[in-house]
Amino acid sequence: MFVMSNILRSVTRTPESRFRCISFCRENEKYISLLSKCNCDIYVVRQEGLSDWKNSISPAPDNVFVLNTDLHSCSVSYFDFVLCHGRLQEFDAANNISASLHIPLITIDHVSKRIFQKIPLHTSVNPSNYLEGRVGKVNVALSEDIKTSWTSATHGISITIPTFVGEDSFETKEDRKGFLFDNNVPSQSISPMENIFSSFNCTPRFHQDKAEKPGDFKYYINTWNNIDNKTLEAMAASCICISPKTPETEQVITHGENGLLYSGMSDLNKIMTECKSGKWDSIGSNSKEYILNNHADEKTFIDKWKKVFSYASSSFFMGN
Amino acid sequence: MNILFIGPYRQADTWGSISQSLIRSISMIEDVGLTTRPIFLSNSIDRNVDPNIFQFEANKEEKYDILIQHTLPSYMIYNGEFDKVVGFTSFETKGNEQWDNYLRLLDKLLVSTEAEKEGVSKDIREKTFSIGAAQEVDSLKNNIPTNRFAFYCFGGGLESRTSVKEVIQAYFSEFHLNDNVSLVLQVNDQQKAQALVDQVAQEVGFYSLPYYPHIHLVEKEDSLHDNGNCFIDVSSSIGFNPETAKALLKGNTPIVLKGSGRDEYVKEESGFIVDSIEDLLICPDRPLKDMFTARETCFKPRLSALKDSMREAFDSKISQLRKSKSGIDSKEMLSYKKQSKLIKEILCS
């Protein structure tokens, strides 16, 4: 039933229409929540091997529908696009949906071709082994560097749309606790750090039913290979962010200026000790300023995404 | 009149071929603004689509008067934004009541043959119209083989409904090694086809050794219409088959089943109509779960009638020539102009 409705919809919709997108979650709760501000409703589907929506990370906005059943069981008559947040992990499933429902695929590159999430920390893979032909009709990258890295594997339209951090993330407390770390990562990524976290009495950011506010902490440990929305939020809250040193994180953090980068566990241990001694106390305000200058433009984010949807809606249908 | 046509015209199979043909006929109707959009029912993609179709794909109107959906009934929908919602489909069997439920929503239903119209429930028949078929061939055949009389048929993946097994059975039971005849089978998998040939040879019981009449297995179907003498299409699928129409227009005197719908354009004057038996459909290869079940019926060839027709085609040279000429003269019956006129009358009524 969806196929014919979706084809009809591709003919009758206008660039001003409100669009319906299918997406997977896979630890992208925050980004999907931001995207839901862009004239679209998002239907989050389950896929084996990909994690479900976690309300503790970000409660689903009213126009984000986390489906417990398959697409055919939800009371929706058509869809416009399928969104793929990871060319390595999600592409096959997203591409299958795109083909079977006859709707265009939009890829969103959160990371460069060099590094992938879900790969154990500090491990890079040879992208050319996996990524040939994994392209959408429109490919959105979160930064120019990410966009450039994907050029050889991108035959569709590419655009850079930097993500943004909401106003409430800039709130900071006077009396702040010690280390907060992002525990929303695969367990194999975090296990090498467990001893260090324990010795510095670090607090995990996410609990079963609630999340700690970065603004309540002085230091934030990013456990991903890239700078995701959660880390940007911590930077906005003037946290001193400690991230692994990767080509990805180096695009955002300059060591000792607006954050700290570590190479390996002993380096992490050393940097955290320095933090405790107060060596880096002055750089928290720099990270906030960096976010204010680079990731606080909600209007541009929304306008650019609306343009992407509008362009894709008027230019593409299955087969062209 | 603005028409939005959705169909599998980008596919490189029979569905695609019929869809392209239908687009051509619709585009010939005067004062029609045609917009097309593809639907993909299979993975076989046609890389050589008529360039005109891309023009129709580029169109987009504010408002459409008619929606034509060429697809399986289970994909069809009703949409109130159109003055008329029309379905065009192919029924390979009779009595799929599950599908009838989808068709009840439509304003009109188009099919290629009267046989298909007979296949739907009575209440739907009133709004069902046979629009015939349109087919052209590039040229008359020019490579007529002089050594052997060649029967040929398309076996594809040897699905049971192609009735290839029945063709081999009739051929083996009628002809001998010494007959100057050949059966050319187009198949996707030669090894699988050879196993079927060996199985039939054993089952008919004439051949203790593999010395049976000449059989030639080929994978490509490109030149078969140019090299064969007599096309056999006794598949249990009801409805129009573009290959049968091509064979007819090439003068290859098709052998078709009575009641299959192919007998509406292949006549006794231009081919052979073989007696058929209407029976329950037992089809192990089922593309969709509500398709090809034993609640449906289909036509199967009466083997003795099939072998008699093959013998007549082989023996009666003068009759064969007359039939061949009559087939070549069927151009008007299968013209786009004729089909276009008929579609216009139905859409405007």
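Predicted model: local features only at pLDDT ≥ 70, side-chain atom pairs only at ≥ 80, totals over all residues.
Local features require pLDDT of at least 70 and side-chain atom pairs count only at pLDDT 80 or more, while totals for chains, interfaces and linings use all residues. Residues are numbered from 1 along each chain as its sequence is written, chains are lettered from A and ligands numbered from 1 in the order in which they are written, and side-chain values use heavy atoms, with hydrogens and water left out.

Me: About how much area do chain A and chain B bury between them?
Reply: Contact here means heavy atoms within 4.5 Å, and 15 residues of chain A are in contact with 21 residues of chain B. Buried area is the accessible area (1.4 Å probe) that two parts lose on being put together, summed over both. Carbon and sulfur atoms account for 73% of the total, which is about 1,500 Å².

Me: Which three residues supply 41% of the area that chain A buries against chain B?
Reply: Chain A and chain B together bury about 1,500 Å². Of the part that chain A buries, 41% comes from three residues, more than from any other three: M4(A), L8(A) and V11(A).

Me: How many salt bridges are there between chain A and chain B?
Reply: A salt bridge is a side-chain nitrogen of Lys or Arg within 4 Å of a carboxyl oxygen of Asp or Glu. The structure holds 37 of them over all chains. Between chain A and chain B, however, the count is zero.

Me: Which residue forms a salt bridge with E57(B)?
Reply: The closest N and O atoms of this pair are 2.8 Å apart.

Me: Which residues are linked with D179(B) in a network of salt bridges?
Reply: D179(B) counts as buried because its relative accessibility is 16%. D179(B) forms a salt bridge with R311(B), their closest N and O atoms being 3.8 Å apart. The network links D179(B) with E174(B), K307(B), R311(B) and D315(B).

Notes: Buried < 20%, exposed > 50% of the residue type's maximum accessible area, 1.4 Å probe, protein only.
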